[in-house]
Amino acid sequence: MSQIPESAKCAAVQAELGTYLDAELSPEQSRTVEQHLEFCSACRGVRLALELVRQAVRQLPRREPSAALRARLQAQLQQELHTPELSAPLSPQSGECAPPAPPLWGEAGQARSVLPPELEGQGNAVLGQRSATALRIIYRGSLRLPPLLPAPPGPKPAQTIRRLIVIRDSGTYRQLQTR
Amino acid sequence: MRNEWPDEILMTRAAQDDTEAFDCLFARHQSAVFNFTLRMIGDSMPAEDLTQECFLRVWQARRHYQPTAQFRTWLFTIARRLVLDTWKKREVATACAAETDALDGRHVSSELAAHIASANPQTILMARELEQVITRALETLSEDLREVVLLRDMEGMRYAQIAEIVDCPVGTVKSRLNAARKRLQGAVLAWRKETEE
């Protein structure tokens, strides 16, 4: 049986050293690495250098966010608690927004399910100022708004916005932010 | 007592609108999320905004949380996606400039602070230089390399967790870590050569 050259062994061990130091190798693989390190000073040197880098990253200074962050978040939570939840839910598994909800104004049935009766059928008009009962819509993600109302003459492409916030502001509705 | 509860229990309570439970989660993880976003984005103000947005999203999704999912992994998945969104918005493909303001004793990790306190001025200087070398080297890494190093070495996550967060196989995490560490090692070696000359 042919012997594995030492250089090949070193290369194999060095390729696994990071995983070894991270304790992600199986016990058997770890033993193999340790046995090699016992007699190979070159690989011990590589391990030391690697340890130094790992330690240096681990010991990078950690900064603390400002104390105001907590207060800002708490204020937001209170606001969230006292407003209807219409936001697209996040998926705990993926960490991203669940599949975007159908366009609010794109399909009549969808739009009417979230709007108060007095705003039903208003389509994009909800983006203007209107007096109505409390309503808050927060939508994150891409939202495509094809026009529901008869399109004015001339080409008018559907508007794409990334974020839409409609809130009641002193008895009127106001579009806060679109991007 | 709440402070001793596992994340998953706190999150289950938060799902029932328990803001105190959520506040415990925030207190426990805000620093980690902030430091991760700070190292990825390189600027403390956006990093703080992202931290806030991250926890807000967790709150908004509280009723959909499944206790089978590890909270920390989920939290960092959200944080990472926010970072990526920011990168896209900025249209910056390479590392951006990080804050290189002078070190403040309050910001130094307790381990390093103890080490520094017991060291001589030469050692302190070397430690700070090394830290700057590593910081700069991290900034030059592509984000896919940088994030695995931060999640592994700063946050102490397992490969499987990182794979879940960055949505790639464990083998890819391993190879990215190796590549990133080689680059960091190269930077440290270059610095040592400089200092020895």
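## Chain B as a whole

In this predicted model, residues 24 or more positions apart account for 62% of those contacts in chain B whose separation is 6 or more. The chain contains nine helices and zero strands, so that from the N terminus on its elements read α-α-α-α-α-α-α-α-α, as the run definitions for helices and strands have it. Of the 197 residues in chain B, 52% are buried, and the accessible surface of the chain comes to about 9,300 Å², with 51% of that area belonging to carbon and sulfur atoms.

## Helix H8 of chain B and its surroundings

Helix H8 of chain B spans residues 159-166, and because six of its eight residues are buried, the helix is largely enclosed by the rest of the structure. The buried residues of H8(B) are B:Tyr159, B:Gln161, B:Ile162, B:Ala163, B:Ile165 and B:Val166. Their packing partners come from both chains, namely helix H1 (6-21) of chain A and, from chain B, helix H4 (71-90), helix H7 (143-154) and helix H9 (170-196). After H8(B) comes B:Asp167, which has a positive phi, near 60°.

## B:Phe76 in helix H4

B:Phe76 is placed in helix H4 of chain B and is buried, its relative accessible area being 0%. When neighbours within four places in sequence are left aside, B:Phe76 is in contact with B:Ala32, B:Val33, B:Phe36, B:Leu151, B:Glu155, B:Met157 and B:Ile165; B:Ile165 is also one of the buried residues of H8(B). Another buried residue of that helix, B:Val166, is 90 residues from B:Phe76 in sequence, while the two C-alpha atoms are 9.1 Å apart in space.

B:Arg152 belongs to helix H7 of chain B and, with a relative accessible area of 11%, is buried because the cut-off for burial is under 20%. Leaving aside neighbours within four places in sequence, its contacts in chain A are with A:Asp22, A:Glu24 and A:Arg54, and those in chain B are with B:Met157, B:Arg158, B:Tyr159, B:Ile162, B:Leu177 and B:Arg181.

B:Glu155 lies in the loop between H7 and H8 of chain B, and at 9% relative accessibility this residue likewise counts as buried. The side chain of B:Glu155 makes a polar contact, at 2.9 Å, with the side chain of A:Arg62. Not counting residues up to four places away in sequence, B:Glu155 touches A:Arg62 together with B:Ala32, B:Arg72, B:Phe76 and B:Leu150.

## Packing of H1(A) against H9(B)

The axes of H1(A) and H9(B) are 10 Å apart, and the two helices pack at an angle of about 100°, so they are roughly perpendicular to each other. By class, the contact of H1(A) with H9(B) has one nonpolar, three polar and three charged residues. On the side of H1(A) the residues are A:Ala15, A:Glu16, A:Gly18 and A:Thr19, which meet B:Lys174, B:Asn178 and B:Arg181 in H9(B).

## A partly exposed residue in chain A

A:Arg31 lies in helix H2 of chain A, which covers residues 27-39, and at 47% relative accessibility it counts as partly exposed. A:Arg31 and A:Tyr20 are separated by 11 residues in sequence and by 9.7 Å in space, C-alpha to C-alpha.

Methods:
Residues numbered from 1 in each chain as written. Chains lettered and ligands numbered in written order. Predicted model: local features only at pLDDT ≥ 70, side-chain atom pairs only at ≥ 80, totals over all residues. Heavy atoms only, no water. Helix = DSSP H or I, 4+ residues; strand = E, 2+ residues; numbered from the N terminus. Buried < 20%, exposed > 50% of the residue type's maximum accessible area, 1.4 Å probe, protein only. Contact = heavy atoms within 4.5 Å. Areas by Shrake-Rupley, 256 points an atom, 1.4 Å probe, with all protein chains shown as cover. Axes fitted to C-alpha atoms, helices over the stretch in contact; angles between N-to-C directions. Parallel < 35°, antiparallel > 145°, perpendicular 65-115°, else oblique. Nonpolar A, V, L, I, M, F, W, Y, C, P; charged D, E, K, R; others polar. Polar contact = N/O pair within 3.5 Å; in protein donor to acceptor, adjacent residues only side chain to side chain.
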